[in-house]
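Have a look at the picture first, and then we'll go through it.

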Amino acid sequence: MKKNKSKILMVVLFLLPALLLFIGVLIAPIIMSVFYSFYDMKSISLKGADFIWFGNYKELFTSGSISFWKALGNSMLLAFLSVFLQLPLSLGLALMLGKGIKGERGFLSVYFMPVLISTVVIGQLWRKIYNPDYGILNAVLGLLGIADKMPTGGWLGNEKSALWCVFVPTLWQYVGYHMLLMYAGVRSVSPELREAAKLDGATDAQVDWYVVIPSIKPILRVSVIFAVTGSLKSFDLIYVLTNGGPFHATEVPSTLMINMLFERNRYGMGSTIAVMMITLCFAFAILISAAFKERENYGRKKHTEDI
Amino acid sequence: MAEKNTLKTYDINQYEVQKTNKVLKVLIYIGLVIWALIDLFPIYWMFTFSLKNNEEVYGANVMGLPKNWLWSNYEKALTTGNMPQYFLNSVIVTVAAIAISLIAALMATYALTRIVWKGREMMNAFFMLGITIPIHSSIVPIFITLSKLKVINSYWSLIIPYSAFSLAMAILICTGFMNDIPKDLDEAAYIDGCTLWQTFIKIIVPLMKPALATISIYTFLQCWNELMFANVFISKKALKTLPVGIQALSGQHTTDWGPIGAALVIATFPTLIVYIFMSKSIQESFIAGAVKG
């Protein structure tokens, strides 16, 4: 009995530092965010702040001046572009690398490199690339003979082009990340399976389509979840490139949140946006997982019918 | 466990499906090289303009190597922009965050994998929530709490959040490595009269060195590059970290490209050095995080 008690004490002692950090910095703040989101806080103190129930949420959804829907729409568009442009590109690279090509590791390391560079550095670098007067983009377009394609106001200054110009560096930076995950998946497909398919006369493309891609579905699921939640959470690059401008053309929920907090001192509203972001991230993660399960089951059923 | 699988996936070049036809192979190479160039070109360009004067940047020599290598840009970046201070701050914050999350993770993982008690699986699942929780979710309450405690504008206001947000990943990596250490060692130590604490310090920790490297790299990358917290919690110039410092520096020198380029290179350099020497374990730690998360 005494032995048992001392064991429990040891467990508590060993877990203590991690639990303190975890609860103090991750769990408690989520609960506090929800709490704050019901208040009309004008300062960092709850004193004098009115409890307004869902007032912040109502304002967020209906106010035209906060432009939350615009921000959400922008991040959804970024998510869409990530899933349908960035991920196919990553998958293509992963499949090509997975064919056992010479210099495979070298390519892999080069592709992954941008992932490690600070987003601030990448943002500043791309600001220079897009620079309307001396940027390398205009110089390259000039070499190709299409020099006057820059929209009025500059690449990042034009309402129509800005969101695309914010997406390109994101794509550039994270293709390598998704490629790496998919490559690990491609590599784990058993060689026997590939060889069997080849013996049956399948072409390379058929092997990829019917053997490799179905077997890396769990990784594709992870990639889709990361791409979508990553777009919902995106902050650094947009903050550096445009800070949400021009005229909210590149506004996303996180830039809106920071703006609420530190430009307008609206801590309650900032918390409301934070709560919406967490909720949406978890909701999308669950939805995407469910969608992948559905399709897996569907595929399985069809398969047995075929037999 | 996650680690093992990823290691296995790299062990590959032995199968013989090389019957890919030649034309296709050439096309694949062309595709791969094109993307490699797209990846490398902006980085190459950054290095070159960090060594150029404005005349070259502004048209005389936009894409080529610099005609005369202007190392003075680096001198300027280091002396006028307060860069050494930012660099030092980043080092302090990052090293402290790595140390704290390592100690906390090692201890927690020991309790989760080596001591048998009810509810340890639930506790593990609880910690793993941390991989999914976005850093934004806690910014307002942490900002308010730190302001009230008057520890805003201090190293601690970054060190504590950074170590907490690295913790889940650190525990995940630790678990993989600790499960590989045979349980017989613990029993032998127990028979020799070691307490749990002594077993932990004398037997387990020394055997966890490879895990420490992997966790440190992962935490380093998270902390070194973090912008949002650093931007919000630190307003004192003397305490700013590199990402915030570079932001400020670029705001000051909008026309003088060379020194900014130099600052960008200085900020990137440590990461690239670490990457050159440990690219494989960095890649593996990222895969492990994704597979479990």
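Before counting anything, here is what "buried" stands for: a residue is buried if 20 or more other C-beta atoms lie within 10 Å of its own, exposed if 12 or fewer, and partly exposed in between, with the C-beta atoms placed from the backbone. By that rule, buried residues make up 45% of the 307 residues in chain A. Keep in mind that this is a predicted model, where local features need pLDDT of at least 70 and side-chain atom pairs count only at pLDDT 80 or more, while totals for chains, interfaces and linings use all residues. As for labels, residues are numbered from 1 along each chain as its sequence is written, and chains are lettered from A and ligands numbered from 1 in the order in which they are written.

Now for chain A itself. It has 13 helices and two strands; helices (H or I, at least four residues) and strands (E, at least two) are DSSP runs, numbered from the N terminus. The radius of gyration of chain A, taken over C-alpha atoms, is 24 Å, well over the 19 Å that the globule rule gives for 307 residues, so chain A is more spread out than a compact globule. That rule is 2.2 Å times the number of residues to the power 0.38. Along its principal axes, the C-alpha trace of chain A spans about 80 × 75 × 40 Å.

Zoom in on two helices of chain A. The axes of α7 (residues 162-188) and α10 (residues 217-233) come within 9 Å and cross at roughly 170 degrees. Axes here are lines fitted to C-alpha atoms, for helices over the stretch in contact, and angles run from 0 to 180 degrees between N-to-C directions. Angles under 35 degrees count as roughly parallel, over 145 as roughly antiparallel, 65 to 115 as roughly perpendicular and the rest as oblique, and α7(A) and α10(A) are therefore roughly antiparallel to each other. On the α7(A) side, the contact uses A:His178, A:Leu181, A:Met182 and A:Gly185, and α10(A) brings A:Ile219, A:Val222 and A:Ser223. Two residues are in contact if their C-beta atoms, placed from the backbone, lie within 7 Å.

Chain B comes to 14 helices and zero strands. Of its 293 residues, 44% count as buried.

Finally, where do the chains meet? The contact takes 76 residues from chain B and 71 residues from chain A. On the chain B side, helix α14 (residues 257-292) gives the largest share, twelve residues.
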